[in-house]
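Reader: I have a structure open and I am new to this. Can you show me how to read its features, one by one?
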Amino acid sequence: MTAGGYAYPYIEPSLLERALAMLEELLIFSCGFTFEGNLILPSGDDRWMIRMAEKNNVRPVLVLTPFSQGAFHNQLVRVILENRPIQDRIIAQLSALAEEQGYRGVDIDFENVLPADRVRYAKFVGRVRERLGERGCIVSVAAVPRTSDSQRGLAVEGMDYALLGACADRVFLKTYEWGYVYGPPMAVAPLDKVRQVVEYAVTKIPAEKLILGIPNYGYDWTLPYERGITRARMVGSREAEETAAENGVVIRHAEIAQSPWFTYVKGGAEHAVWFENARSLTAKWELARKFGLAGVRYWNLMREFPGGFTPSLAGRRSASGTG
């Protein structure tokens, strides 16, 4: 299996250097586009990241998103999918950018694709793959979690797993955010929920095309949780462990979710924290291995992960050749 991770151009160089020693691909987030089909390059200079990736024999991958002011822009998605000339312009620029800067892959990450555009979206992914494949680029597509054909909602109905699997080299499962900033306290990526997504995905897409998403963060909720009012604070794994130590509390392990959690009191208020650690990471790697997936990717590399990003069962470079 292979391991990859997403990072922004403003990542601390020393942090990226340590992460690259354990990864096979670096996904640089992100390249956007205008309504006219002109690419918007990642904020900040990303060329140093490409050079560092190449130095470490890691494949640099450009992430294409319909991002505007920090959020996915639904209208951008609709315009590109329903306008072939705009697609042609974007694909041509992606090809030129890959050649000019040395990208060896493109990851397409759209959200809230309308159900009526699900076929158009898959065909767009296929067109990018056809053009960029001529340059030896691997084209992947990110997919929000689905567990059945009957699942409803704007987030999932435009994501046809079978079509996307047929049109892309790889499909990245965004298996995280069950526990999220506005939701009740729970694991960000509970293993039982993640497994349900994988079990469904392998019925639609060959396992060797699938990549499992793993979060490199958690959340700290102030209790009691009040829907529509409580807003959790994002925390890194190291910060979570330090918080537990500073407050003298024991980190517990949820058996079903296979995730660490704890509660503590600060300033008279009780807090609940769910995050990831080496044990939960290993459980996710084992799940990916059990189903024969192509690999895993971390969202994201901007925080240090205690113990590194590759569990002992995997073995960084040797694992990529053994599956």
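Author: Start with one contact. The side chains of Asp109 and Lys174 form a salt bridge, at 3.0 Å from N to O. Before we go on, two notes on the source. This is a predicted model, where local features need pLDDT of at least 70, side-chain atom pairs count only at pLDDT 80 or more, and totals for chains, interfaces and linings use all residues. Residues are numbered from 1 along each chain as its sequence is written, and side-chain values use heavy atoms, with hydrogens and water left out.

Reader: What is a salt bridge?
Author: Side chains of opposite charge can pair when their charged atoms come close. The rule here asks for a side-chain nitrogen of Lys or Arg within 4 Å of a carboxyl oxygen of Asp or Glu. By this rule the count comes to 20 salt bridges.

Reader: Which parts does the pair of Asp109 and Lys174 tie together?
Author: First, how elements are named: helices (H or I, at least four residues) and strands (E, at least two) are DSSP runs, numbered from the N terminus. Asp109 sits in the loop between β7 (105-108) and α5 (118-133), and Lys174 in the loop between β9 (170-173) and α8 (191-201), so the pair ties together parts 65 residues apart in sequence. Glu111 also forms a salt bridge with Lys174, with the closest N and O atoms 2.6 Å apart. That pair links distant parts too: Glu111 is in the loop between β7 and α5, 63 residues from Lys174.

Reader: Is Lys174 buried or exposed?
Author: Lys174 is at 8%, so it counts as buried. Asp109 is buried as well. Now take another salt bridge, Arg233 with Glu239, at 2.7 Å from N to O. Arg233 is partly exposed at 40%, and Glu239 is partly exposed at 32%.

Reader: Which residues are linked in a network of salt bridges?
Author: Glu25, Arg59, Asp107 and Arg297.

Reader: How many disulfides are there?
Author: A disulfide is a pair of cysteine sulfur atoms within 2.5 Å. The whole structure has zero. Take Cys31: the closest cysteine sulfur, in Cys137, is 13 Å away, too far for a bond. Cys31 is buried at 0% relative accessible area, and Cys137 is buried at 5%.

Reader: Which residues of helix α1 are buried?
Author: In α1 (residues 13-20) they are Leu15, Leu16, Ala19 and Leu20. Look down the axis of α1: these buried residues fall within an arc of 130°, so they line one face of the helix. The arc is that of the directions from the helix axis to the C-beta atoms.

Reader: How do α8 and α10 cross?
Author: The axes of α8 and α10 (residues 278-290) come within 11 Å and cross at roughly 20°. Under 35 degrees counts as roughly parallel, over 145 as roughly antiparallel, 65 to 115 as roughly perpendicular and the rest as oblique. So α8 and α10 are roughly parallel to each other.

Methods:
Buried means under 20% relative accessible area, exposed over 50%, partly exposed in between (1.4 Å probe, protein chains only). Axes are lines fitted to C-alpha atoms, for helices over the stretch in contact, and angles run from 0 to 180 degrees between N-to-C directions.
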